[in-house]
Amino acid sequence: MTGLWLSPAPLILASGSVTRRDMLIAAGLPVETVKPDIDERAVERPLAEQGVAADRIASALAEAKALAVSKLRSGRLVLAADQTLTCEGRSFHKPADVAAAAEQIAALAGRAHELHSAFALAQNGVVLAQGRATARLTMRPLDAAFIGRYVEAAGPAILASVGGYQLEGLGAQLFARIEGDHFTILGLPLLPVLQALRDLGHLAR
């Protein structure tokens, strides 16, 4: 490899997220994607029942994904990430359809919520580094008519977002205030990831 990436093989991203892939590529990292074969809800459910905090659940999910793929790709460095959303003690997940997205946006409207993004780097079934970050977003008050217009205009793309919105697109129109790192909001705390890769010797310092 040339440029700032020092390893002979590309980084494997254990995710089907185009947003995360494009974020890494834009930062100069060569990336291959492998979607992990894990039941995320099966990982999350017992943790939630034990009262584990949402940010730590995001870390557990990222770790499970990274380990699952790294065990299949011997010798390769694997990055995985996950994101959880909480609003006033309630957890939210990716909506199943556009109607569910509209309901989710209505529940978040006029309130502040937290997005917790976590990452894990693994190789040969061992976690080498991990981290997480939180952003706080305040959605402006929205009426049913606007929400209906929004989900119609945004289309199925919003189903890929844990909040039922995509801040990098039309979702910007939903918000009154944002506190936190833009990369964290998009689902990957990129700056800590890059630092971890430098610390591990995969990126030039």
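Predicted model: local features only at pLDDT ≥ 70, side-chain atom pairs only at ≥ 80, totals over all residues.

Q: With which residue does Glu40 form a salt bridge?
A: Side chains of opposite charge can pair when their charged atoms come close. Here the partner of Glu40 is Lys65, with the closest N and O atoms 3.6 Å apart; the pair links distant parts of the chain, Glu40 being in helix α2 and Lys65 in helix α3, 25 residues apart. Lys65, at 7% relative accessibility, counts as buried.

Q: Which parts does the pair of Lys65 and Asp82 tie together?
A: Lys65 also forms a salt bridge with Asp82, where the closest N and O atoms are 2.6 Å apart, and because Lys65 lies in helix α3 while Asp82 lies in strand β3, the pair ties together parts that are 17 residues apart in sequence. Asp82 counts as buried at 5% relative accessibility, and salt bridges that share partners join Glu40, Lys65 and Asp82 into one network.

Q: What is the volume of the largest pocket, and which residues are closest to its centre?
A: Rolling a probe the size of a water molecule over the atoms shows where empty space is left. In this structure the largest pocket has a volume of about 780 Å³, and of the 34 residues that line the largest pocket, Ser17, Arg20, Lys94, Ala160 and Ser161 are the closest to its centre. Strand β3 gives the most to this lining, with four residues, and the lining as a whole divides into 14 nonpolar, 11 polar and nine charged residues.

Key
Residues numbered from 1 in each chain as written. Heavy atoms only, no water. 1 Å grid on protein atoms, 1.4 Å probe; cavity = no way out; pocket = protein on both sides within 12 Å on 5 of 7 lines; lining within 4 Å. Points joined across faces, edges and corners; volume = space filled by probe spheres on them. Helix = DSSP H or I, 4+ residues; strand = E, 2+ residues; numbered from the N terminus. Nonpolar A, V, L, I, M, F, W, Y, C, P; charged D, E, K, R; others polar. Salt bridge = Lys/Arg side-chain N within 4 Å of Asp/Glu carboxyl O. Buried < 20%, exposed > 50% of the residue type's maximum accessible area, 1.4 Å probe, protein only.
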